[in-house]
Amino acid sequence: MIDVAYSFEEVTNHPQVKKMVSRFKQDQQDKVKDYFYKVYIKHFNAWESDERKQQHSFKNIKKVEWNREDQCFHVFYKKTKHFRETWYHYTLDGKWY
């Protein structure tokens with residue numbers, strides 16, 4: 001069971017997520033939001049330390065891009081007190097790297 005830290009609306013209403021989703025056709029936007037949210041929540045909940053959870057808070061998302069070639073989201077996180085700026089691939093099958 002996924003321990004949901006943030007609601008679907010909180011995450012998908014982030015300005016960078018909304019910007020990325022808006023580039024899809026209207027009939028695909030809900031599906032894109034759902035894919036993004038599911039991977040984001042799994043990734044966020046994988047972290048055990050408060051510092052890592054802070055770094056991967058949806059509030060620290062700097063930019064989200066869709067990579068058409070790789071069929072994945074590129075998610076960029078801001079630098080925090082404990083960690084440098086970083087980014088991940090979020091895949092449609094629910095993984096990140």
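**A close look at the sheet**

Guide: Happy to! In this predicted model, lysine 62 is partly exposed, with a relative accessible area of 41%. Its salt-bridge partner is glutamate 85, and the closest N and O atoms of the two are 3.0 Å apart. Lysine 62 belongs to strand β1 (residues 61-67) while glutamate 85 sits in the loop between β2 and β3, so this pair ties together parts that are 23 residues apart in sequence. Glutamate 85 is itself partly exposed, at 41% relative accessibility.

Now for the sheet as a whole. Three strands make up an open sheet in the order β1-β2-β3, and their pairing is antiparallel. β1 and β3 are the edge strands, each pairing on one side only. On average, neighbouring strands of this sheet are turned by 20° against each other, with direction ignored.

Let's follow the pairing of β2 and β3. Strand β2 (residues 72-77) runs antiparallel to β3, and six bridges join the two. Phenylalanine 76 has tryptophan 87 of β3 as its bridge partner, and histidine 74 stands opposite histidine 89, also in β3. Although β3 is an edge strand, it is mostly covered: in this stretch, residues 86-91, five of the six residues are buried.

Phenylalanine 76 has another neighbour worth a look: the charged end of lysine 63 sits over its ring, 4.8 Å from the ring centre.

Tryptophan 66 is partly exposed, with a relative accessible area of 24%; the cut-off for counting as buried is under 20%. Apart from neighbours within four places in sequence, tryptophan 66 is in contact with Met20, Phe24, Gln71, Cys72, Phe73 and Leu92. Valine 17 is 49 residues away from tryptophan 66 in sequence, yet their C-alpha atoms are 10 Å apart in space.

Tryptophan 66 also takes part in an aromatic cluster, whose members include Phe24, Phe73 and Tyr90. Across the structure, the count comes to 12 aromatic pairs. Among them is an edge-to-face pair of phenylalanine 8 and tyrosine 37, with 5.3 Å from centre to centre and 75° between the planes. Phenylalanine 8 lies in helix α1 (residues 8-12) and tyrosine 37 in helix α3, so the pair ties together parts that are 29 residues apart in sequence. Here phenylalanine 8 is partly exposed at 27% relative accessible area, whereas tyrosine 37 is buried at 11%.

To put the salt bridge we started from in context, the structure holds four of them. Another joins aspartate 34 and lysine 38, whose closest N and O atoms are 3.1 Å apart. Both of these residues lie in helix α3 (residues 29-46), four residues apart, or about one turn of the helix. Aspartate 34 is partly exposed at 30% relative accessible area, and lysine 38 is partly exposed at 47%. Aspartate 93 and lysine 95 also meet in a salt bridge, at 3.4 Å from N to O, and both of these residues are exposed.

Terms used:
Residues numbered from 1 in each chain as written. Predicted model: local features only at pLDDT ≥ 70, side-chain atom pairs only at ≥ 80, totals over all residues. Heavy atoms only, no water. Buried < 20%, exposed > 50% of the residue type's maximum accessible area, 1.4 Å probe, protein only. Pairing = 2+ DSSP bridges. Salt bridge = Lys/Arg side-chain N within 4 Å of Asp/Glu carboxyl O. Contact = heavy atoms within 4.5 Å. Axes fitted to C-alpha atoms, helices over the stretch in contact; angles between N-to-C directions. Phe/Tyr/Trp six-rings, centres within 6.5 Å; stacked < 30°, edge-to-face > 60°. Lys NZ or Arg CZ within 6 Å of the ring centre and 35° of its normal.
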